[in-house]
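These are my notebook entries on a structure that I opened today, written down in the order in which I looked things up.

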Amino acid sequence: MAKTKKNMDKNIKFSLSIGDEGAILVCLNGMQIVKRIFVTSPTSTEFINFLSAYPNAPLYIIVDVVEQAYIKHTLPPVSRLNVNKLVSRKLEKDFDKNDIKAAIPMDKEKGQRKEWNWLFISVRNIPPFSDWIESVSNLPNYFAGIYLLPVESMNYLKDIEKALSNSSKVEETEQTAKTKKDKKKKNKENKENKKSFDSRWQIIVSHNRVGGFRQIVFKDGKVIFTRMAQPIGGQSPDIVAGNIEQETLNTIEYIRRLGYEDNEGLKIIIIASSDVKEALETIPQTGVDQKVYTPHEIAILLGMPSVAEESDRFGDVVMASHFLSTKKHVLPLFTKYTEKINSIIKYRKLVRAASVLASIAALCFAGFTYYQTININDGLEKSETKKRSTQSALTKTKSEKLEFDEDPKLIKVVSDINNKLAKDANEPLNFLAKIASLKDYNTYFDEINLQIDLFDNKLDVITAAFSIIFFESDQANRTVDTVNFRKEMEKLFPEEDCGLACFQLNWEGLLEDIEVTIEVREKESSYSNSDMTRVDLNMTGPQKQTRRARQVIRRR
Amino acid sequence: MRKLAKAKKDLVKTSTISLAIVAVFGGLVFGILQYKHSKEDDLKKIKKDIKSIKSNISSIKNERKQAMLSYKTFNSIPKNKLPTDSGYETSVERQRIAKKILLELNEKYRFTAMDPKLAPPELKESNDLIEIISSPLDINFDGMSDELVLSFVNDLRESLPGYLKMTKLNIKRRGAIDSETLEKIKVTSSYLPLVSGAATFEWYTLKNKKEGK
């Protein structure tokens with residue numbers, strides 16, 4: 001039950017309509033009115049107690065006092081940012097510092113100058129209004145702002161027009177089966193309605209308990225002027241109706257000064273008690289569409305039938321209830337004190353929201369991190385298993401014996417020495433033997449010089465150089481076949497893509513870095529009975545600075 | 001003013017509570033993060049250990065592979081090249097074995113002249129297991145042909161214990177093998193010195209290092 005009550009309390013809102021004659025406290029729960037109290041003093045016990053019963057419900061102040069000023073100002077055509085600064089400066093300059101003031105933009109002149117039209121609004125913060133504000137400011141309820149009845153009535157007018165439009169559509173549907181004549185009549189009425197909805201000027205006249213006859217003038221749906229009048233001559237319906245008629249006529253005359261012309265259309269909505277409604281006569285003015293509703297009728301029209309009874313005489317409660325049911329308000333105002341309190345409350349809400357968000361974020365992050373940690377733990381277990389198996393593999397590998405009994409260290413040392421000292425590929429003598437294999441039976445080595453340097457006595461062959469002179473005896477009139485010899489040499493040193501004179505030496509191990517020069521000399525006489533062709537072959541290397549050795553064969 | 005004071009008090013209270021809640025959750029997050037980091041470190045350590053063990057296994061296997069290769073090489077080495085206990089470390093021993101082999105080869109290749117000189121041995125290299133002893137060997141010779149000389153050098157490398165590395169070889173033809181020379185050899189049944197030369201070698205022998213030496 002407590003929870004239900006709390007939930008119900010969540011929807012409870014208060015409005016306090018303050019006028020010169022007193023104030024009306026309206027308590028609304030959703031679209032249902034809970035209570036309405038008329039009080040004449042801010043110290044009223046009933047009023048304070050009732051508000052204190054719902055400390056969490058917000059309290060909206062609706063101002064319906066006489067001391068309100070609405071002044072239209074035309075400002076120079078500056079930028080949007082600058083016009084705001086201009087408005088702030090003008091508000092400070094034109095009004096008293098204690099006044100509650102604001103300005104709302106109206107429109108922009110459509111002429112060449114494109115000046116700004118702003119409506120400057122101020123409320124004198126003086127008793128009895130200031131007494132009410134001071135009193136309610138210190139109540140535990142959230143102070144939701146001060147709202148000016150004429151300004152907030154823009155929404156009121158909009159919703160009434162919308163409701164009227166909808167109801168006329170419903171009526172139209174109901175009438176579809178009726179006669180042609182009726183249809184014609186209805187169409188005529190609709191046309192008139194439409195014409196009135198299209199009026200650029202509207203006046204709401206509401207007979208209010210806290211003030212009197214509140215008249216609000218709108219142009220194109222925006223408030224431009226408001227008046228307040230007190231009933232004169234008594235409270236009888238005829239007198240009140242007369243007062244309303246007279247005040248409305250006065251207002252029409254006044255708005256002519258603001259630019260109203262008969263052909264622009266004027267819609268007047270009057271909210272008064274049922275007996276006053278009966279006594280009211282239609283205003284004899286061209287282009288005027290006058291409609292009179294009781295507070296109960298208006299409440300029904302707005303879909304809030306519970307907020308007003310048929311016997312209700314005043315429009316305050318309906319206006320206040322409509323205001324509370326509206327989500328968006330036009331112009332919230334605050335005194336310095338209430339602004340300060342509200343900013344502290346906003347900070348508090350902000351802190352609370354930030355902490356909730358931070359906590360949620362922290363919880364999500366903690367959850368995500370914990371989830372990751374669980375995965376890591378899984379990985380850890382798998383890795384530990386893997387480590388154990390790898391460790392046992394190591395133990396097994398270590399325990400495996402070599403296939404031989406000899407000392408592996410000695411075997412390695414001896415093998416390494418053997419590789420160094422018995423490496424045939426590095427042996428220039430082998431190369432000499434290869435060259436020797438090219439000789440035929442009448443070709444001999446004439447001279448062999450071979451020099452091998454053992455690097456720093458460390459057993460490594462670093463350089464090798466030798467020269468061979470080929471000698472040919474030609475007793476059988478045979479000349480040395482140098483062409484064939486060259487071909488044979490090419491077999492030993494495979495040709496690379498750099499032409500016949502250049503060969504990549506790729507012959508057994510270290511010799512690949514040895515540069516070879518072969519020179520076939522002219523025939524010359526040596527021994528008494530023979531000719532010879534001398535072939536010089538020089539080898540040097542390994543050439544550490546060149547990766548490829550070159551072979552050049554020149555014929556002279 | 002009472003409401004303002006209360007609002008301020010409420011703000012302080014809410015801020016304190018919010019801060020406390022945030023601190024609690026912050027602490028929770030910090031704790032979980034620390035726990036996660038410690039687990040991550042553990043995982044990294046285990047992975048590092050596994051890598052190290054694997055590397056160890058690979059290293060051992062590689063060593064065994066190398067050992068097997070060495071063993072293959074070792075098995076292919078002729079017995080007279082393997083280290084011996086004496087290592088032919090004395091001049092007398094080296095002279096004796098060299099003289100014996102050179103005489104045998106001279107008989108085989110019929111050099112008309114041969115003049116070997118063997119210098120005293122010296123220690124070239126040493127490690128825990130082996131000592132390498134070397135001595136230079138110079139041979140001057142006169143022979144029938146260069147083929148015989150080259151063949152002699154090959155035979156000498158095979159026959160001498162240890163390893164023979166040639167550092168110098170000079171062969172000079174002193175006459176052509178023509179019909180006249182062949183006729184002369186046939187008539188006199190003697191070997192003519194058609195080539196003469198000199199060869200220089202470095203003779204290495206290996207000695208097993210004795211324990212405690």
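Is Lys108(B) buried or exposed? I found that Lys108(B) is exposed, with a relative accessible area of 52%, where exposed stands for over 50%, buried for under 20% and partly exposed for what lies in between (1.4 Å probe, protein chains only).

Before going on, I noted that this is a predicted model, in which local features need pLDDT of at least 70 and side-chain atom pairs count only at pLDDT 80 or more, while totals for chains, interfaces and linings use all residues. Residues are numbered from 1 along each chain as its sequence is written, chains are lettered from A and ligands numbered from 1 in the order in which they are written, and side-chain values use heavy atoms, with hydrogens and water left out.

Entry on salt bridges. I looked for a side-chain nitrogen of Lys or Arg within 4 Å of a carboxyl oxygen of Asp or Glu, and the structure holds 23 such salt bridges over all chains. One of them joins Asp155(B) to Lys108(B), with the closest N and O atoms 2.5 Å apart. Asp155(B) lies in helix α3 and Lys108(B) in helix α2 of chain B, so this pair ties together parts that are 47 residues apart in sequence; helices here are DSSP runs of H or I with at least four residues, strands are runs of E with at least two, and both are numbered from the N terminus.

Entry on Asp10(B). Arg348(A) forms a salt bridge with Asp10(B), the closest N and O atoms being 3.5 Å apart, and this pair crosses between chains, from helix α11 of chain A to helix α1 of chain B. I also found Lys6(B) in a salt bridge with Asp10(B), at 3.2 Å between the closest N and O atoms; these two residues both lie in helix α1 of chain B, 4 residues apart, about one turn of the helix. Asp10(B) counts as buried at 17% relative accessibility, whereas Arg348(A), at 23%, counts as partly exposed.

Entry on helix α4 of chain A. Which residues are buried in this helix, residues 129-137? I listed Phe129(A), Ser130(A), Trp132(A), Ile133(A), Val136(A) and Ser137(A). Seen down the axis of α4(A), the buried residues fall within an arc of 160° and so line one face of the helix, the arc being that of the directions from the helix axis to the C-beta atoms.
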